[in-house]
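Please open the model in your viewer and keep the selection panel at hand.

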Amino acid sequence: MDPSQAVREGLIPLLPRLRRLARALAGQIADADDLVQIVLERALNRAAQWRPDAPLDKWVFAIARNAWRDEMRARGRSQNLFVPEEAGVTAADGSSAPAQKLELAAAVAALPPDHREVVALVLIEGLSYNEAADLLQVPVGTITSRLARARTTLQAHLGKDT
Amino acid sequence: MNPIDDDTLQAYVDGELEPASAALVDAALAHDEMLARRVQQAQALRTQLKAAFDPVLDEPVPEHLSALLQPPSPQAATPAAPVAMARHRRGFGAGRRRAPRRWAMPAAAVAASLAVLAVALWWQPGNDLVRVQNGQQFAAGALSKALNQSLASEPDPRATVTIGLTFRSADGRICRTFVEHAKPAMAGLACHHRAGWSLPVIRAAEQPAGGELRQAASDMPRDVQAAVDARIRGEAFNAQQERAARAAGWR
């Protein structure tokens, strides 16, 4: 099987998890699926760079994280082109979702990018500290300290409701 | 015994501690209510995050995304690149800008030929036959009505939309090819979703010479036919199966 076919077929079962990661990173549903599209295109273009002994999910998650960072930078330069946040549908689900889920999703979306990606990878995707450190190319200590600060922020948010 | 520090507590909640260290925390939790409460809060946060984001896993994947992972068809392979690049340049934040999204959407819906783009520019979603929902094109108006009601086995010579093949796709959806005869004539493929008939492929169709009504299936542009070939599981429906599918609401 050639690499692009292996990657393409391997990505199909990963789509739901990739969409969840994108939702946690990008926040808005439309943004998240646009991000997924960019990630799929990049992954297919770079299929030759994937080593078959490496887990495809970590590889594509790293592409997703980098694509998201690229887009954030691009967006930073052209901030005025975009309508304000409240114009879109927010991350976790439409009108039927309990208010708390929406609020928590909004709190995640409000985290600084460094914190948000750790929350997305460790708390939502379920990666280990080592896997997240590997993917983000930072020391494990950086993962734990970012995670701790993100938790404090999110916990404070939940504390308002309880 | 050493007090449990914050890092250790967090690692405990995240399942990162060695069994021996975890046992130490367990022991401490048994007699330290404050500690137990902090662990409980951290665990609750994990649970609530999962509850907030896991429903995404059960959402149907938008067709324009899964279509990117279909094996490339001979027609689609070459022209897809410029579309992808154009899309890429827009960035993901651009989705909320209405006009660009609407223009880009048909291209995203399939690994598209430039012909689709041309068709899309000229046959704008927002006219009566197409609507866009969550970035996907769906049949509307007379097209939607024909897809819901018309049977290929009972063609209506006055109808502006002719149904060609009806079949079940590999992902379990019922799909139907159609030709819309009003000028400019369009042909395409529609697949049934809860939200309506999505339109993975729409193309300009050649008008039969002399304007006579031909078999819709033979009118199909090659890439519509290729889209059918890529999706179909088993045989196209016969008249009885088509009628039964309509009675079952195309599910």
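This is a predicted model. Begin with the largest nonpolar core, which has 60 residues. Select A:L11, A:L40, A:V60, A:I143, A:L154 and B:L49, the residues with the most contacts inside this core. Next, select residues 56–77 of chain A, which form helix 4. Helix 4 of chain A gives the most to this core, with eight residues. As a general background, nonpolar side chains in soluble globular proteins tend to be buried together.

Which residues are in contact with A:I143, once its neighbours within four places in sequence are left aside? They are A:V118, A:V122, A:Y129, A:A132, A:A133, A:L136 and A:V138.

Return to chain A and display the whole chain as a cartoon. Chain A contains eight helices and zero strands, so that from the N terminus on, its elements run α-α-α-α-α-α-α-α. Of the 162 residues in chain A, 51% are buried. If a surface is displayed, the accessible surface of chain A comes to about 7,100 Å², and 53% of that area belongs to carbon and sulfur atoms. Among contacts in chain A between residues at least 6 apart in sequence, 67% join residues at least 24 apart.

Select A:Q28 next. A:Q28 lies in the loop between helix 2 (15–26) and helix 3 (29–45) of chain A. Is A:Q28 buried or exposed? A:Q28 has a relative accessible area of 4%; because buried means under 20%, A:Q28 counts as buried.

The last stop is in chain B. Select helix 1 (residues 6–13) and helix 2 (residues 19–31) of chain B. These two helices pack at an angle of about 105°, with their axes 10 Å apart. Because angles of 65 to 115 degrees count as roughly perpendicular, helix 1 and helix 2 of chain B are described as roughly perpendicular to each other. To see the contact, show the side chains of B:T8, B:L9 and B:Y12 from helix 1 of chain B, together with B:A22, B:V25, B:D26 and B:L29 from helix 2 of chain B. The residues of this contact divide into five nonpolar, one polar and one charged.

Notes
Residues are numbered from 1 along each chain as its sequence is written. Chains are lettered from A and ligands numbered from 1 in the order in which they are written. This is a predicted model: local features need pLDDT of at least 70, side-chain atom pairs count only at pLDDT 80 or more; totals for chains, interfaces and linings use all residues. Side-chain values use heavy atoms; hydrogens and water are left out. Helices (H or I, at least four residues) and strands (E, at least two) are DSSP runs, numbered from the N terminus. Buried means under 20% relative accessible area, exposed over 50%, partly exposed in between (1.4 Å probe, protein chains only). Contact means heavy atoms within 4.5 Å. Accessible areas come from the Shrake-Rupley method with a 1.4 Å probe; for residues, only the protein chains shown count as cover. A nonpolar core is a set of buried Ala, Val, Leu, Ile, Met, Phe, Trp, Tyr and Cys residues joined through side-chain atoms within 4.5 Å. Axes are lines fitted to C-alpha atoms, for helices over the stretch in contact, and angles run from 0 to 180 degrees between N-to-C directions. Angles under 35 degrees count as roughly parallel, over 145 as roughly antiparallel, 65 to 115 as roughly perpendicular and the rest as oblique. Ala, Val, Leu, Ile, Met, Phe, Trp, Tyr, Cys and Pro count as nonpolar, Asp, Glu, Lys and Arg as charged, and the others, Gly among them, as polar.
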